[in-house]
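Here are my notes on the model you sent over. Have it open while you read, and go through the points in order.

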Amino acid sequence: MRPSVSFYLTFVLCLCLGLLCLLFVGCWSSHWRGGFSWDGSALQFNWHPVLMVSGLLVLYGNAAVVYRVPFTWEQRKHVWKLVHAGLMLLALLLSVLGLCAVFDFHRGLNIPHLYSLHSWVGICTVVLFTVQWVLGLAGLLLPCSPPWFRRSLKPLHVWIGKAVLILSVTSCISGINEKLLLSLNGSGNGSEPYSSLPVEAKFANFLGILIVAFGLVVFGILSKSEWQRPQTDERVHILLNENNT
Ligand code: HEM
C-alpha cells in the first residue's frame, strides 16, 4: 500500500475516534450528569471533562499530526506552522477554560484544590503544554530565533509533544475514574455503586477506552518515520514519483 493511502486510512480512524470521544463525553455530562451551566454548581463541573477532552486531547492530537497530511507537503511549511501553532493555541485556551471550570467549582463548594493524583498529573500536563507552546513560538515560529536555538529545540519539541499526549490521556482516564468513584458511591442519592457496573459506568469506561485508542493512533502516526513531512529535495522526488504512477 502506498504510504499516502495507509496514512489517510489511519488519519480517518483518528478523526472518527476523536469525534466519538467528543460525542461520548458530551453525552455522559448531559445525559447522566445533568447538563451544563456556569454558576459554581455541579453543572459547572461538567464543562471540565468536555473542555479537557476537546482541547487537550482531540484538538491537541489533531494539531500534532497536521504536518503528516501529505497534501500539505506541496504547500509552504510556514503556512502549516501557523496552522499548527494556531490550533495548539486554541487547544491551550480550551484547556485553561476547562481548568477554570473545575477550580471555580471547588472554590464555590469549599473543596480543597489539587489534592488528588489526577489533579497533580493534570496540572503538570497543562504547565508542560504551556511551556511547549511558548518555546515553540519563540524558537520555531518567530523568524528572528537564532539557528542554533532552533536546531537544539527541535528534538526537545518533538519529545515534549509526545509526552504531553501521553500525559493528557493519563489525565483523562484518571479523571473519568475519579469522577465515577466520587459520583457512583451508592450513598442514598439514587445512584447505584460503581462496583455494580451501572449503565453510566459502562458508558464512561468505554469513553476511557476510546480515549486510549485515540491516543495510541495519534502516537502511531507521530512515530512512523515514512509519514514525516519530507525535506525539500525528498519532497520534489516523492511528488515526481506520485505523478508518474
Ligand atoms: C487532560 C485532561 C485533564 C486535565 C489536565 C485535568 C486537570 C484537573 C485539575 C488540575 C484538577 C484540580 C482542580 C482543583 O484542584 O481545583 C481536576 C479536577 C478534577 N477533574 Fe480533571 N482534568 C482532565 C480531565 C478530566 C476528565 C476527562 C475528567 C472526567 C470526568 C476529570 C475529572 C475531574 C474531577 C472529578 C476533578 C475533581 C477532583 C479532583 O480535584 O481531582 N478530569 N482536573
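1. Start with the buried residues of helix 6: they are V164, L165, S168, V169, S171, C172, G175 and I176. "Buried" means that 20 or more other C-beta atoms lie within 10 Å of the residue's own, "exposed" means 12 or fewer, and "partly exposed" is in between, with C-beta atoms placed from the backbone. Helices are DSSP runs (H or I, at least four residues), numbered from the N terminus.

2. A word on the source: this is a predicted model, where local features need pLDDT of at least 70 and side-chain atom pairs count only at pLDDT 80 or more, while totals for chains, interfaces and linings use all residues. Residues are numbered from 1 along each chain as its sequence is written.

3. What do the buried residues of helix 6 pack against? Their partners are helix 3 (47-65), helix 5 (117-141) and helix 7 (199-223). Contact here means C-beta atoms, placed from the backbone, within 7 Å.

4. Helix 6 also has a kink of about 35° at L153, shortly before the proline P155. That bend is the angle between axes fitted to the seven residues ending there and the seven starting there.

5. Now look at the ligand. There are 26 residues around it, and M52, S116, S119, G122 and G175 come nearest; being near means a C-beta atom, placed from the backbone, within 6 Å. Helix 6 gives the most to this shell, eight residues, and G175 is one of the buried residues of helix 6 too.

6. How does the shell divide by residue type? It has 13 nonpolar, 11 polar and two charged residues. Ala, Val, Leu, Ile, Met, Phe, Trp, Tyr, Cys and Pro count as nonpolar, Asp, Glu, Lys and Arg as charged, and the others, Gly among them, as polar.

7. On to helix 7, whose buried residues include L207, I211 and F214. Those three also turn up in the largest nonpolar core: of its 39 residues, C21, L57, Y60, L207, I211 and F214 touch the most other members. Such a core is a set of buried Ala, Val, Leu, Ile, Met, Phe, Trp, Tyr and Cys residues joined through C-beta atoms within 7 Å. The largest share of this core, 10 residues, comes from helix 3.

8. Finally, click on L57. Not counting residues up to four places away in sequence, L57 touches C21, S168, C172, I211 and F214.

Conventions: Helix = DSSP H or I, 4+ residues; strand = E, 2+ residues; numbered from the N terminus. Contact = placed C-beta atoms within 7 Å.
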